[in-house]
Amino acid sequence: MGLALDEPREGDETYSVEDLKVTVDPFALKLIRESGGITIKSSAFGPMAELNGASGSACSC
């Protein structure tokens, strides 16, 4: 799941991750909740969000 800075749109919801408020669209929030949440991690390419229920490697694309 990639991270992007954008202005909130109508219908977006707020999700808290480790005391960080993240605004996401309803489809992304559904995926986040179904996977058990997300974790913000640091990588050589900068911060990335990883779905907790995801298997395999993460992508910060």
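Helices (H or I, at least four residues) and strands (E, at least two) are taken as DSSP runs, numbered from the N terminus. Two strands pair if DSSP finds at least two bridges between them.

This is a predicted model, in which local features need pLDDT of at least 70 and side-chain atom pairs count only at pLDDT 80 or more, while totals for chains, interfaces and linings use all residues. Residues are numbered from 1 along each chain as its sequence is written, and side-chain values use heavy atoms, with hydrogens and water left out.

I begin with the strands. β3 (residues 38–43) and β4 (residues 46–51) run antiparallel and are joined by six bridges. The two strands form a hairpin, with two residues between them. Within this pairing, Thr 39 has Glu 50 in β4 as its bridge partner.

Now to the salt bridges, each being a side-chain nitrogen of Lys or Arg within 4 Å of a carboxyl oxygen of Asp or Glu. By that rule there are two. In one, Lys 41 meets Glu 50, with the closest N and O atoms 2.8 Å apart.

The other links the side chains of Lys 30 and Glu 34, at 2.9 Å from N to O. These residues lie four apart in helix α1 (residues 26–35), and so are separated by about one helical turn.

Finally, accessibility: buried means under 20% relative accessible area, exposed over 50%, and partly exposed in between, with a 1.4 Å probe and protein chains only. Glu 34 is exposed at 56%, whereas Lys 30 is partly exposed at 46%. Lys 41 is also partly exposed, at 35%.
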